[in-house]
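Here is a short briefing to read with the model open beside you. It starts with the overall fold and then moves on to particular side chains and backbone spots.

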Amino acid sequence: MKTQKSYRNSAYILSAYAAIIASACSSTDEPRSLSEEQSNEIRFAANTEFSRAGDITTSNLKTFNVYAYTGNGTSPDLFMDNVEVTKSTSNVWTYDPVKYWPSKKAVDFYAFAPASWLGTNTPLAGVPYDASDGTEDIVYAVSPNLTGGAGLSNAQVIFNFRHALSKLTVKMSSSNTELKVMVTNVALSNLNSKGNFHFPSGSTADAPGDQTIGTWTDQNTPMPYLMHMSQVPDDRITLTSTATDMGTTTVPGSRYLIPQQLVWNNNGSGSDTYIAVMCSIYDAKSGTKLWPNENTPTENVVEGSTFGDGLLKFPLSTSAFKEWKPGCHYVYNLVINSNSDMGAIEFGAPAVESFVSVETSYQ
């Protein structure tokens, strides 16, 4: 059994393995097919690209709103003005009043959810958005240049919704059984909370591309996003070899944030984007506190911490990628261990596995 003295005379390395997975999958639910009718009523159906807990999916999407325009040029004519479309108990999408396909005119449809997203804005210009708490998923769809009318069976607008935000999940574990790692707070630091979203010009039913995925501009107003906060000792999380999702007690799970550039200069400029972890490390058998200690650098000590915690910073950016993309889910897996043979925190080179799966190692 190691004594307190032998631990403190040994140098530690805290390592983090961050696996960032960017993924999209198609829902298995298909739009309900209506019986064939000789009618020129405009009908709607919808599906989404993700099907994970917390996301807006084909199965839990109950309402969405629609703008529609006819005509070309810089001043198209408004055809449908923020119309709410609702799914019935029989899985038919209905709205009121019913609109009919205009004669000899193509219609551009823009859909979105939740209804509160656009506010008084329209989809033809940049839509201001404030991800103040990061707990709400938002989706959009575009079906441009459509025509219909009597004689066309089941003339139906089928929206394929895409996610406008990036999804972030932080998981933590410790594989060293000789240590007891207790985590007090986890936060995503210095991330832009506001920006302008622009609907794409092409159909979101087409393959992802420059014309079929919405874009963001003018990301601004950096702020922290809390993942976990311990208000009493019982709220602290003791890490195990099984990764723990570091959601808060009141708002568990992931955050939905504006896609943006990620910065890591590590020069104290205040612009770095990173995961901040407040924690303490103890000897698992004796309960002796090992870190932070009298040799811990000032920048890793949290003054006034209730539990005497230290602070670890894990960059959100790496040499492999320096920005988050819309519609991608990034999962950061942080593993905190010790190594008595090394005396400084070091970061290893990241490895990029593929376009949809990025794995970054800190060691």
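Among contacts (heavy atoms within 4.5 Å) in the chain between residues at least 6 apart in sequence, 76% join residues at least 24 apart. This is a predicted model, in which local features need pLDDT of at least 70 and side-chain atom pairs count only at pLDDT 80 or more, while totals for chains, interfaces and linings use all residues. Residues are numbered from 1 along each chain as its sequence is written, and side-chain values use heavy atoms, with hydrogens and water left out.

**Overall make-up**

- The chain's secondary structure comes to 1 helix and 21 strands; these are DSSP runs numbered from the N terminus, with helices (H or I) of at least four residues and strands (E) of at least two.
- Of the 363 residues, 48% count as buried, where buried means under 20% relative accessible area, exposed means over 50%, and partly exposed lies in between (1.4 Å probe, protein chains only).

**Nonpolar cores**

- A nonpolar core is a set of buried Ala, Val, Leu, Ile, Met, Phe, Trp, Tyr and Cys residues joined through side-chain atoms within 4.5 Å.
- The largest one has 51 residues, and those with the most contacts inside it include Trp-117, Met-172, Phe-199 and Trp-324.
- Strand S11 gives the largest share of this core, with 7 residues.
- A second, separate core holds 25 residues, among them Ala-46, Val-83, Ala-111 and Phe-161.
- Leaving aside neighbours within four places in sequence, Trp-324 is in contact with residues including Ser-166, Leu-191, Leu-257, Pro-259, Leu-316 and Tyr-332.

**Aromatic rings**

- Rings of Phe, Tyr and Trp (its six-membered ring) pair if their centres lie within 6.5 Å; planes under 30 degrees apart count as stacked, over 60 as edge-to-face and the rest as tilted.
- By this rule there are 20 aromatic pairs.
- One of them joins Tyr-110 and Phe-199 edge-to-face, at 5.9 Å centre to centre and with 85° between the planes.
- This pair links distant parts of the chain, 89 residues apart: Tyr-110 is in strand S6 (residues 107-113) and Phe-199 in the loop between strand S11 (179-198) and S12.
- Both Tyr-110 and Phe-199 are buried.
- The two also belong to one aromatic cluster, whose members include Tyr-67, Trp-117, Tyr-140 and Trp-216.

**Salt bridges and charges over rings**

- How many salt bridges does a search of the whole structure find? There are 2, each being a side-chain nitrogen of Lys or Arg within 4 Å of a carboxyl oxygen of Asp or Glu.
- Arg-236 pairs with Asp-309, with the closest N and O atoms 3.4 Å apart.
- Arg-236 and Asp-309 are both buried.
- The charged end of Arg-236 also sits over the ring of Phe-307, 4.3 Å from its centre; the rule asks for NZ of Lys or CZ of Arg within 6 Å of the ring centre and within 35 degrees of the ring normal.
- Lys-99 likewise lies over the face of Phe-79, at 4.5 Å from the ring centre.
- Lys-325 and Glu-323 meet in a salt bridge of 3.1 Å, N to O.
- Lys-325 is partly exposed at 41% relative accessibility, and Glu-323 is partly exposed at 29%.

**Backbone spots to look at**

- Most residues other than glycine have a negative phi, and most peptide bonds are trans.
- The peptide bond from Asp-96 to Pro-97 is cis, with omega near 0°, and Pro-97 is found in the loop between strand S5 (93-94) and S6.
- Ala-113 and Pro-114 are also joined by a cis peptide bond, with omega about 0°; Pro-114 lies in the loop between S6 and strand S7 (127-130).
- Lys-104 is not a glycine, yet has a positive phi of about 60°.
- Lys-104 is found in the loop between S5 and S6 and counts as exposed at 86% relative accessibility.
- Asn-190 has a positive phi near 70°, is found in strand S11 and is partly exposed at 22%.
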